[in-house]
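Okay, thanks for coming, everyone.

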Amino acid sequence: MSAEIDYTSKVPRRTYATTLSEQLEQLKTDELILRFAESRKQLSSDPYRPIYHYVNPEGMLNDPNGLCFWKGRWHLFYQAYPPEDPRQHWGHVISDDLIHWRDLPYAIYPNPEKCCFSGATLVEKDRVIAMYHGTEVGNMVAVSSDPLLLNWKKPTGNPVIPMTSSDGSPLPYRVFDPCIWMKDGVYYSLSGGTLPTGPGGKRVRANFLLRSENLINWEYLHPFLEDDLFSLVGDDGACPYFWPIGDRHILLHFSHMSGGQYFLGDYDKRRDKLVVTAHGKFNFGPAGPAGVHAPSATPDGKGGVIVIFNMNPAKPTKGWNQIMTLPRRLTLSAKDELGIEPVGDIESLRYDHQHLDATTLPANQEIILGNIRGSAMEMIAEIDPQNAPMVEMNVLRSLNREETTRIMFFKNRGYGRLSMISIDSSYSSLLPDVRSRAPETAPVFIDQEESLKLRVFIDKSVVEVFINGKQCVAMRVYPGREDSIGVSLRSQGQDAMLKSLDAWQMESTTAD
């Protein structure tokens with residue numbers, strides 16, 4: 001049996017002290033921490049490596065996992081691929097402000113599982129519980145209680161939800177990517193997967209609910225969602241995160257076909273069902289190339305949810321590949337609508353402020369903003385489109401527009417308040433090994449008299465755009481020309497009004 005194979009990791013591992021002062025002292029000379037610092041130094045010259053979005057210190061990167069707040073610090077875990085044993089381990093970083101991250105040693109190592117896949121954490125008074133998928137064996141539990149969550153133990157040393165039944169009979173549920181929460185003193189877990197209940201027996205998304213009183217013995221209940229008329233045939237329910245938001249609940253997850261998405265609904269605690277009333281997406285097209293991938297999410301303690309995603313590459317980069325988005329705060333702005341804003345101490349990174357006062361954007365004329373340029377920037381712009389059918393901001397623009405990344409706003413493109421926001425990378429790069437992404441185009445509901453408010457983050461190979469606190473679109477881009485750092489504005493067809501624009505250069509958040 002695969003569970004009998006010795007999957008012990010080849011990565012260095014040590015046991016750490018149990019007080020904060022001792023742990024901090026140990027980390028000063030820790031073999032892995034020193035190695036990470038050297039790797040960051042070597043990778044820092046890569047022109048496409050972001051400086052204020054989190055990137056892991058060595059090797060490849062995949063899903064974020066187990067985002068949580070413990071003893072005054074934010075903890076983020078992620079699927080890491082250590083160079084001496086490139087199976088998924090859980091990497092680990094901490095932050096005081098969700099922006100400046102500090103590398104910690106690998107947290108969870110494989111064995112008895114072959115690889116440590118995705119999962120979530122649950123913070124209790126005296127410990128943090130991680131529940132994740134261990135390939136070849138099933139869903140695993142690990143616990144930690146020390147100040148920096150450096151020491152992790154697996155209570156049984158075996159999967160708590162095995163992939164196969166004891167008698168070999170088929171399971172009624174899929175064992176994959178779990179999340180965990182507690183209700184009335186009982187643990188609950190969702191496992192991602194599909195069921196063959198779609199048209200013609202095709203597979204559709206399903207998330208299977210299990211419960212346990214002791215984290216060890218789990219009882220299967222039923223599929224969790226009710227009234228899901230939103231999932232597409234072929235979607236699956238990977239990387240689920242189920243949390244309260246406002247007076248309702250949200251289930252974030254990832255579809256390998258359709259990308260990151262969410263359900264809003266009412267948690268029927270008597271029947272243990274999420275009754276779905278709304279659905280939305282975090283990326284608008286396949287996850288790759290260049291797209292937003294899987295979420296990791298946790299409550300913010302104020303009625304909202306903090307979420308962070310990994311993003312896929314669109315160009316080979318030696319020694320590393322994926323990155324993390326900026327953390328986002330999700331709130332309930334209406335019964336079935338989310339508010340989406342960047343979160344964390346972003347302002348601490350700003351320098352070299354530039355400001356533009358109100359000015360007309362003449363129809364069909366590209367206005368180049370000569371003093372506003374760069375490859376690691378933040379911009380906040382307020383634009384009144386007036387009657388223009390489309391306004392656009394071009395970023396990472398070369399002098400003669402050989403390369404440019406277009407951010408476009410299309411007003412009144414559907415029923416009611418519906419408008420559209422889009423990022424187009426079709427002309428972002430002239431390099432032969434870059435895969436351009438189909439335009440990332442998302443709905444955003446803008447009132448008739450509401451101005452367009454853009455908050456744009458540019459960081460070497462990523463562009464993230466937040467719109468009126470209601471939507472976000474993001475994409476990886478790889479301009480090949482040294483002069484592809486310009487910014488311009490344009491109004492199509494009719495005049496528009498730029499009400500204001502502020503721009504800042506951005507400092508690095510790590511030792512890169």
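So, look at the N-terminal end of α2: D30 caps it, with a side-chain oxygen 3.0 Å from the backbone nitrogen of L32. Keep in mind that this is a predicted model.

Let's stay with α2, which covers residues 31–43. At 1.5 Å a residue, its 13 residues should span 18 Å, and the end C-alpha atoms are 19 Å apart, which agrees. Now, which residues of α2 are buried? They are L32, I33, F36, S39, R40 and L43. If you look down the axis of α2, these buried residues fall within an arc of 120°, so they line one face of the helix. Here's the background for that: an α-helix has 3.6 residues a turn, so residues three or four places apart point the same way. What do the buried residues of α2 pack against? That would be α1, residues 20–28, and β4, residues 101–108.

Okay, on to strands. Take β1, residues 61–70: nine of its 10 residues are buried, so this strand is largely enclosed by the rest of the structure. Six bridges join β1 to β2, residues 73–80, and the two run antiparallel. If you want a pair to click on, F69 stands opposite W74 in β2. The hairpin of β1 and β2 has two residues between the strands, and K71 there takes a positive phi near 50°.

D184 has a positive phi near 55° and isn't a glycine. You'll find D184 in the loop between β9 and β10. N468 also isn't a glycine, and its phi is positive, about 55°. N468 is in the loop between β32 and β33. Are these two buried or exposed? D184 is exposed, with a relative accessible area of 72%, while N468 counts as buried at 14% relative accessibility.

Then the peptide bonds. N111 and P112 are joined by a cis peptide bond, with omega about 20°, and P112 is in the loop between β4 and β5. The bond from G288 to P289 is cis too, with omega near 0°, and P289 is in the loop between β17 and β18.

Last stop: P389, in the loop between β26 and β27. P389 counts as partly exposed, at 34% relative accessibility. P389 and K411 are 22 residues apart along the chain, but their C-alpha atoms are separated by 5.9 Å. Besides K411, P389 touches F409, F410, R413 and Q492, leaving out residues up to four places away in sequence.

That's my tour, so over to you.

Technical notes
Residues are numbered from 1 along each chain as its sequence is written. This is a predicted model: local features need pLDDT of at least 70, side-chain atom pairs count only at pLDDT 80 or more; totals for chains, interfaces and linings use all residues. Side-chain values use heavy atoms; hydrogens and water are left out. Helices (H or I, at least four residues) and strands (E, at least two) are DSSP runs, numbered from the N terminus. The expected span of a helix is 1.5 Å times one less than its number of residues. Buried means under 20% relative accessible area, exposed over 50%, partly exposed in between (1.4 Å probe, protein chains only). The arc is that of the directions from the helix axis to the C-beta atoms. Contact means heavy atoms within 4.5 Å. A polar contact is a pair of N or O atoms within 3.5 Å; within protein, one must be able to donate a hydrogen and the other to accept it, and residues adjacent in sequence count only if both atoms are side-chain atoms. Two strands pair if DSSP finds at least two bridges between them.
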